[in-house]
Amino acid sequence: MAADAGKSWDARLYDDKHAFVWKHGASLVELLEPRAGERILDLGCGTGHLTAQLAQVGAEVIGIDQDGAMIDEARRNYPQLRFEVADARDFSFPEPFDGVFSNAVLHWVRPPEAAVRCIRNVLKPGGRFVAEFGGQGNVGRIVDALRRLIGRYAGAGAERLLPAWYYPSIAEYTGLLEREGLEPTNAILFPRRTLLEGAAGLRNWVTMFVREGVAAIPGERREAFFSALEDELRNELWSEGAWYADYRRLRVVAVRTT
């Protein structure tokens, strides 16, 4: 999923408690419009569910992810498909692709220029790039609360353990695409308040996606940390018995023109 070297994801927790990540990508598949016989790359394929949807039309699809645990789970889920471990910042293939697809991945990838350069290089001229990921202001309330609380419970300087997410504006990202040889044809930044599963939804989200910061909190202090986090966010992100993440998503379509 992420360009987060040396840190393995819990693939089963991802599938069990965070299926919304790939389920929201179904409309992105429709935007790509994969066709039979095309070569499609699923960049940051995770456990492979969207890779399988892309392949249903008869496209030749390859899924890549930096995390070996995710790739192992994808291979178990869909043994008929091809999955490879690869870094979003440094990958290549001998045969070009008609399309590159990426859902909920590129906000983990720094420097973003490296990923865009690789995407451009593996596309055929006229090939299309379709992606959605966290945009400017994504999970802003959650991030603010984490920054205030993590040092209190994990110790001074623990703020550096929070993920270095990349949440660009439309102008920032489309400018990057143009500089790297891709022509943006559509871009939208939109709010998508996202249901987190169960009464422990916020805790599960933080445990999954802020795992290094949570791991730095002594075990005897974690309950107090999660309680303080929930107390701070309850008025804004708790509704009708459930937690909602304050997502803002950037969705882009671009074409390699030369």
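Me: In this predicted model, how many residues lie between strand 7 and strand 8 in their hairpin, and which residue in the turn has a positive phi?

Reply: Two strands are taken as paired when DSSP finds at least two bridges between them. Here, strand 7 and strand 8 form a hairpin with 2 residues between them, and Glu240 in the turn has a positive phi of about 50 degrees. Strand 7, residues 238–239, pairs with strand 8 in the antiparallel sense over 2 bridges. Within this pairing, Trp238 has Trp243 of strand 8 as its bridge partner.

Me: Is strand 8 mostly covered or uncovered?

Reply: A residue counts as buried under 20% relative accessible area. Strand 8, residues 242–256, is mostly covered, with 12 of its 15 residues buried. For the chain, 56% of the 258 residues count as buried.

Me: How many helices and strands does the chain have, and why is it called as compact as a globular protein of that length?

Reply: The chain has 11 helices and 8 strands. Its radius of gyration is 18 Å, close to the 18 Å that the globule rule gives for 258 residues, so the chain is as compact as a globular protein of that length. The C-alpha trace spans about 55 × 40 × 35 Å along its principal axes. Of the contacts between residues at least 6 apart in sequence, 76% join residues at least 24 apart.

Technical notes:
Residues numbered from 1 in each chain as written. Predicted model: local features only at pLDDT ≥ 70, side-chain atom pairs only at ≥ 80, totals over all residues. Heavy atoms only, no water. Buried < 20%, exposed > 50% of the residue type's maximum accessible area, 1.4 Å probe, protein only. Helix = DSSP H or I, 4+ residues; strand = E, 2+ residues; numbered from the N terminus. Rg over C-alpha atoms; globule rule 2.2 N^0.38 Å. Contact = heavy atoms within 4.5 Å.
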